[in-house]
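Please report on the metal site, the pockets and the ligand surroundings of this model. Keep it brief.

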Amino acid sequence: MQLPQSVTMREVGTRDGIQSLGAFVPTEHKIEMANLLAGAGLKRIEVTSFVSPKAVPQMADAGELMAALERRPDVSWEPLVPNLIGARKALDARSDRLVVVLAASDTFNLKNIRMTVEDSLRNVSEIVPLARAAGVPVSAGIATSFGCPYEGDVPAERVGQIVDRLIELGCDEVSLADTTGMANPLQVERTVGGLRERRPDVQFGLHFHNTRGMGLANVMAGLNVGVTVYDASIGGIGGCPFAPRATGNVATEDVVHMLEEMGIQTGIDLDALIGCAQRMSEILGHELPGQVMKAGPRAVRHAA
Ligand code: COA
Ligand code: ZN
């Protein structure tokens, strides 16, 4: 195996993690959690999304949340945007980077953001120049890159074509998302390895959901083909409201624990991160799927 020496974690807990919860999480709690995560050493935080409050009521406070965040030179606050309206609002809110979302499959894109993939690409072509004028870089996230809950398999060639278009349009990073946990490690190795070989110039990220227990194994497969940017959500919370039976992302503290145990640096304070997961559990009022937050790090010794 050829593993990287360091990895950048992107926290999505206050966005992906919270977006589909029924009970509104008070804005002050979202702000507290975002600042705690930054304090634990997370440098990139997808803190919220500028989407229709009718579609996702939980994210209705995006502007208020962004306005209250601690601005630090070492932290990039990077909200998700689905369209030009969202991009304008996100730029007004002083985002450090935008993450434009689209899917690899039309059925999912239509369910999620009510447009075809082609229309999404047209949106990207309008968003990038706007962001550029404001000096803000744009990443793209491709949902259903490893399978669609409605259409099934998504050919790697299709994902490759969308990657090409996004780069052509001026995105400087493409994150491949496994929205409903359909990827397996061999598929990740083949698909992502193939894409990286074809486009060595592209900065790829990976976004795994642990819906079928393959999340950490998929991270491992991504590492083995050289990907160094991973999304994760504190405590393993989350899921897309427009994907049937979706569940949480890989838990940030579980990924960080695995990486650090393997000697891969993340720059994150694991104990502080576990503290974030425990606080998130208190805020949400229930147990979270993360495992290291319950078992503690491997290095902990118990009294005999
Ligand atoms: N933020 C806030 N409001 C928005 C918006 C945005 N990004 N985009 C559109 N709107 C508003 C419009 O102003 C309009 O408001 P009005 O009814 O008061 O006139 C209304 O929403 C409908 O606009 P329209 O462009 O027709 O949107 P739509 O109904 O076709 O929905 C999306 C498209 C993209 C806005 C919506 O599907 C959405 O927000 N999806 C996000 C889903 C999501 O977050 N999924 C999980 C993350 S991947
Ligand atoms: Zn997700």
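A residue is near a molecule if one of its heavy atoms lies within 4 Å of it. By that rule, 19 residues surround ligand 1, and the closest are Phe50, Ser52, Lys54, Asn83 and Asn112.

This is a predicted model, in which local features need pLDDT of at least 70, side-chain atom pairs count only at pLDDT 80 or more, and totals for chains, interfaces and linings use all residues. Residues are numbered from 1 along each chain as its sequence is written, chains are lettered from A and ligands numbered from 1 in the order in which they are written, and side-chain values use heavy atoms, with hydrogens and water left out.

**Ligand 1**

Polar contacts are pairs of N or O atoms within 3.5 Å; within protein, one must be able to donate a hydrogen and the other to accept it, and residues adjacent in sequence count only if both atoms are side-chain atoms.

| Residue | Protein atom | Ligand 1 atom | Distance |
|---|---|---|---|
| Val51 | backbone N or O | nitrogen | 3.2 Å |
| Lys54 | polar side-chain atom | oxygen | 3.0 Å |
| Asn83 | polar side-chain atom | nitrogen | 2.8 Å |

**Zinc site**

Donors are N, O and S atoms within 2.8 Å of the metal (3.2 Å for Na, K and Ca); water is not among the atoms, so sites may look incomplete. The zinc ion (ligand 2) has three named protein donors: Asp16 (OD), His207 (NE2) and His209 (NE2), at 1.9 to 2.1 Å. Their sequence spacing is D-x190-H-x1-H. Asp16 sits in the loop between strand E1 (8–11) and helix H1 (27–39), and His209 in the loop between strand E8 (204–208) and helix H8 (215–224), so the pair ties together parts 193 residues apart in sequence. Helices (H or I, at least four residues) and strands (E, at least two) are DSSP runs, numbered from the N terminus.

Asp16 and His209 are both buried. Buried means under 20% relative accessible area, exposed over 50%, partly exposed in between (1.4 Å probe, protein chains only). The side chain of Asp16 also makes a polar contact with the side chain of Asn249 (3.3 Å). Asn249 belongs to the loop between E9 and helix H9 (252–261). Asn249 is buried, at 2% relative accessibility.

**Pockets**

On a 1 Å grid over the protein atoms alone, a pocket is an open set of points where a 1.4 Å probe fits, with protein on both sides within 12 Å along at least five of seven lines; lining residues have an atom within 4 Å of a point. A volume is the space filled by probe spheres set on the points.

The largest pocket holds about 770 Å³. It has 49 lining residues, and Val51, Leu80, Pro82, Val101 and Ile113 are the closest to its centre. Strand E6 (138–143) is among the elements giving two or more residues to this lining. E6 gives the largest share, four residues. Val101 lies in strand E5 and is buried, at 12% relative accessible area.

The second largest pocket has a volume of about 200 Å³. Its lining counts 15 residues; closest to the centre are Asn210, Asn249, Val250, Ala251 and Asp254. Asp254 lies in helix H9 and is buried, with a relative accessible area of 9%. Asp254 and Gly17 are 237 residues apart in sequence and 15 Å apart in space, C-alpha to C-alpha.
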